[in-house]
Structures are given as structure tokens and as C-alpha cells.
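Here are my notes on the model you sent over. Have the structure open while you go through them.

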Amino acid sequence: EAQKQPRIEETSQPDMALNTSASSSDQASSSPLRSLRWPTTRTLMQGQLEVQQLKDKLADIEAQHASATAAAEQQRQEMDSLKSQLLESTMEVQHLQDKITEMQDMQVTDLEIEADASYDGPHYTGSCTPDFCQYLMTYQTHGYLLPKKYAKSIILDTISLLKGTSTLVEIDVPKEGKITVCGDIHGQFYDLLKIFYLNNLPSEQNPYVFNGDFVDRGHFSTEVVLTLFAWKLALP
């Protein structure tokens with residue numbers, strides 16, 4: 001027995017070492033540092049995801065800002081263009097007003113001396129009648145032009161008449177009558193004559209409304225505008 005005791009002690013010592021080793025392994029598995037490994041990785045991934053989301057939001061905001069900046073630049077360019085057009089139109093209107101004022105201030109004799117002695121066409125004396133209008137149309141139909149003296153007198157008298165007229169005119173259609181609305185004439189004198197031929201001449205019982213664009217494009221703008229102005233003076 002005395003000899004066996006040391007052997008028992010020798011065998012028990014390794015067992016204690018094994019237990020100690022096992023105990024150390026259990027402690028290592030439950031160590032606080034080891035328990036932080038998975039939460040730390042997850043937190044890092046969450047942080048990276050949040051950073052990416054913030055980058056995406058920032059990119060969206062920058063894109064919206066760039067779009068808004070481009071739209072604002074386009075609006076600025078459009079405003080500059082409109083301002084330029086407004087300035088040009090204002091200058092053009094002012095130029096036309098100056099020209100009209102200059103024409104009104106001119107005397108008839110400043111533009112043209114007396115008509116040629118051989119002239120045998122219609123004479124405008126400041127009083128326009130339907131007979132004068134018909135004579136004027138017939139005279140121009142044959143290719144003759146009214147002397148500048150008479151042409152300017154008709155134009156200036158028409159300007160004075162229109163200046164005293166409202167921009168919006170109410171017209172009463174004759175009882176059991178009609179009113180004829182004509183589109184653009186554009187200097188087509190013989191088309192105008194055809195209209196009068198088919199629809200009769202203007203009168204109190206046969207009124208006309210001309211929409212404008214009397215001149216340009218056609219070759220007989222002077223004849224058209226003088227004819228319409230003469231009828232306007234005769235039947236205001």
C-alpha cells in the first residue's frame with residue numbers, strides 16, 4: 001500500500017492538469033473579448049450600409065441641385081431673350097411713332113408739288129365720296145397711279161380719322177342685312193376688285209370688315225391701301 005500511494009498521486013496529478021486545461025478552455029470560450037467578435041462585425045456592416053445610404057442621398061440631392069441649376073439657367077436665358085425682344089420691339093414701335101409724327105408734321109407740298117398738268121385722273125380735295133372711290137378704282141385698274149400729293153392727303157386724313165376711333169368698334173348689322181368679313185388682301189388689288197364685284201360695293205347697307213394685312217407680298221399694295229382708305233373716309 002505504501003508503494004501504491006505515490007502511484008495514486010501520480011495518476012491524480014495529470015487528472016488535475018486535464019481538469020485545469022478543460023477549465024481554461026471553458027473560460028476562454030466565455031471570455032468577454034471573444035463574445036464581442038460577432039456584434040463588432042455586424043456593427044461595422046451596419047455602419048458601412050449607413051454610409052452608402054448617405055452617399056446615395058447626397059448624390060440624389062446633388063443631381064436635383066444640378067437639374068434645378070440647369071432649369072434656372074434656361075429660365076435666365078429665356079428671360080434675357082425676352083428682354084432683348086422687348087427692347088427691339090420697343091425701339092421699333094418708337095421708330096414707327098416718330099415716323100408717323102414726322103409725316104403728320106409735314107405739309108402736303110413738302111412731299112409733292114402740284115400734279116402734272118396732263119393728269120386727268122381723280123382729284124382728292126379733302127372730301128371723299130363713294131363716287132370718288134369708284135373713280136379711283138377704275139383709274140388704278142388701268143395701271144395708273146394717283147399723284148403723291150393726293151395719295152399723302154388720303155393717308156394723313158385716314159390717320160386722323162383712325163386716331164379718333166376706338167380700338168374696339170361695335171358694328172350694327174343692318175336689319176335683314178349682312179356684314180362681310182374679309183381676310184388678308186396682301187396687295188392683291190384685283191382680288192379686292194373681284195370681292196367688290198361678287199359682293200357689291202361697300203355701303204351703309206353692305207358693310208365690310210377687313211382684318212388687316214392689306215399690303216406686302218402682292219405687287220399692288222399701294223392700290224389696295226389707297227382704295228380701302230378712300231372707302232373708309234367715304235363710309236367711316
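This is a predicted model: local features need pLDDT of at least 70, side-chain atom pairs count only at pLDDT 80 or more; totals for chains, interfaces and linings use all residues.

1. The chain holds 8 helices and 2 strands. Reading from the N terminus, the order is α-α-α-α-α-α-β-α-β-α.

2. On burial, 21% of the chain's 236 residues count as buried. As for contacts between residues at least 6 apart in sequence, 77% of them link residues at least 24 apart.

3. Now have a look at H6, which covers residues 148-163 and so has 16 residues by the DSSP assignment. From first C-alpha to last, H6 reaches 22 Å, close to the 22 Å expected at 1.5 Å a residue.

4. Which residues of H6 are buried? They are Lys 149, Tyr 150, Ala 151, Lys 152, Ser 153, Ile 154, Leu 156, Thr 158 and Ile 159.

5. Next, the pairing with H8 (residues 221-234): the axes of H6 and H8 come within 10 Å and cross at roughly 50 degrees. That angle is why the two helices count as oblique to each other. The crossing of H6 past H8 is left-handed.

6. Who makes the contact? On the H6 side, look for Ala 151, Ile 154, Ile 155, Asp 157, Thr 158, Leu 161 and Leu 162. H8 brings Leu 226, Phe 229, Ala 230, Lys 232 and Leu 233. Sorted by class, the H6 contact with H8 comes to 9 nonpolar, 1 polar and 2 charged residues.

7. For the spacing along a helix, remember that an α-helix has 3.6 residues a turn, so residues three or four places apart point the same way.

Definitions and conventions
Residues are numbered from 1 along each chain as its sequence is written. Side-chain values use heavy atoms; hydrogens and water are left out. Helices (H or I, at least four residues) and strands (E, at least two) are DSSP runs, numbered from the N terminus. The expected span of a helix is 1.5 Å times one less than its number of residues. Buried means under 20% relative accessible area, exposed over 50%, partly exposed in between (1.4 Å probe, protein chains only). Axes are lines fitted to C-alpha atoms, for helices over the stretch in contact, and angles run from 0 to 180 degrees between N-to-C directions. Angles under 35 degrees count as roughly parallel, over 145 as roughly antiparallel, 65 to 115 as roughly perpendicular and the rest as oblique. A crossing is left-handed if the near helix is turned anticlockwise from the far one by less than a right angle, and right-handed if clockwise. Contact means heavy atoms within 4.5 Å. Ala, Val, Leu, Ile, Met, Phe, Trp, Tyr, Cys and Pro count as nonpolar, Asp, Glu, Lys and Arg as charged, and the others, Gly among them, as polar.
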